[in-house]
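Hi,

Here is the structure I promised to pass on. Have a look at it first, and then read on for what I found.

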Amino acid sequence: MSSDQSVQATKEESSMEIPLGATSTYGAIVNEKGSQETHQRRRLIRHLSRHGNRRMETNSQREDHLGGHRQYWRDIILGVNDGLISTYLLVVGVVASGLSPTDVLLTSISGALAGAVSMSAGEFVATKSQNEVMLGEKELERQHIEDFRAEELKEVSELLQMIGITKKHASLHQQLLDHYDRDSEALLKIMIALEFGMIDEEQRSPMAAAGTSGLLFFLGALPSVLPFVVCETTMAGLVASTVATCSCLLLVGGIKSWATRGSCIASAVENLAIAGIGGMLAYGVGRIFEVLIHKRSSAE
């Protein structure tokens, strides 16, 4: 092609114009596409926002564990329940035997104080003994790791399978065994936790256990004792003591269900039923002793 023909072709191409209608259609397509993308982005943002809000609501509704006082709930429930029931049964028994309100009051106060001291002493000795037993087991396990490491690792392998790390997870299983083989302290902790069910953070303080159980025992005894301070007859004191003790038993049952996340009604009724059965037995025994003592007095 000659240079003149090339110049002429370039002029013809440059002189070509895009029709106005085609330009408008192209612009409409571009605008529509941009509008769709913007709409999609907005929908995505709204979706993520709603999803994030739901996650925040779920996290805000997450229930926490009991925490550091979890190991002392045994002492809490045992102390207050024992104080409520044992003192009430003592009151019922001495009322049935025919004692005066003053005698019932003195007897119940003595029983409450003796029970609180006994509960504290018993919890202190029991908790301290349990800690010493577990400490001895821990030291023995440490010695086993030093002297019989292969056997201890074999035990760890079996324990890992018990908690779900089976042969199906062979790689993870072997990685854990290798880790515990390298770290003696970690091996000791996993053995203590899985074999004995003990971790250091869950160890109970003897003083805390004794103080908690003894104090709550005495507080639990008050509903059975205080009515005889104001009531003039034993029967009136017994009725008031029964109402107060039953109310407190229902309350303790409800609190226990909160801690155990069980049924509030079932726990409260269980507590009340135990006290009711014990009360009937105590009243019956008291009446029997009253009859026997009166017969002996009449015979003399």
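A word on terms before the details: helices here are DSSP runs of H or I with at least four residues, numbered from the N terminus. Please also keep in mind that this is a predicted model.

**Val80 and its helix**

Val80 has its place in helix α3. Is Val80 buried or exposed? Its relative accessible area is 15%, and buried means under 20%, so Val80 counts as buried. Leaving out residues up to four places away in sequence, Val80 touches Leu216, Phe217, Gly220 and Val252. The chain also brings Leu215 into the picture: 135 residues separate Val80 from Leu215 along the sequence, yet their C-alpha atoms are 8.3 Å apart.

**How α3 meets α8**

Val80 is one of the residues through which α3 contacts α8. The two helices, α3 at residues 73–96 and α8 at residues 206–225, pack at an angle of about 35°, and their axes are 7 Å apart. Their crossing is right-handed. On the α3 side the contact includes Asp75, Ile76, Gly79, Leu84, Tyr88 and Val91; on the α8 side, Ala209, Thr212, Leu216, Phe217, Gly220 and Pro223 are among the residues involved. Sorted by class, the contact of α3 with α8 has eleven nonpolar, eight polar and two charged residues.

**The nonpolar cores**

In soluble globular proteins, nonpolar side chains tend to be buried together. In this model, the largest nonpolar core has 16 residues. Which of them touch the most other members? They are Val156, Leu160, Tyr180, Leu187, Ile190 and Met191. Two or more residues of this core come from each of α4 (101–147), α5 (149–162), α6 (170–182) and α7 (184–196). With six residues, α7 gives the most.

Apart from residues up to four places away in sequence, Val156 touches Leu177, Tyr180, Leu187, Ile190 and Met191. A separate core of eleven residues lies apart from the largest one, and its members include Val91, Val94, Leu105 and Ala282. Val91 also belongs to the contact of α3 with α8.

**Ser157**

Ser157 is in helix α5. Ser157 is buried as well, with a relative accessible area of 15%. Setting aside neighbours within four places in sequence, Ser157 is in contact with His173 and Leu177. Leu177 is touched by Val156 too.

Best wishes

Methods: Residues numbered from 1 in each chain as written. Predicted model: local features only at pLDDT ≥ 70, side-chain atom pairs only at ≥ 80, totals over all residues. Heavy atoms only, no water. Axes fitted to C-alpha atoms, helices over the stretch in contact; angles between N-to-C directions. Left-handed = near helix turned anticlockwise from the far one by under 90°. Contact = heavy atoms within 4.5 Å. Nonpolar A, V, L, I, M, F, W, Y, C, P; charged D, E, K, R; others polar. Buried < 20%, exposed > 50% of the residue type's maximum accessible area, 1.4 Å probe, protein only. Core = buried A, V, L, I, M, F, W, Y, C linked by side-chain atoms within 4.5 Å.
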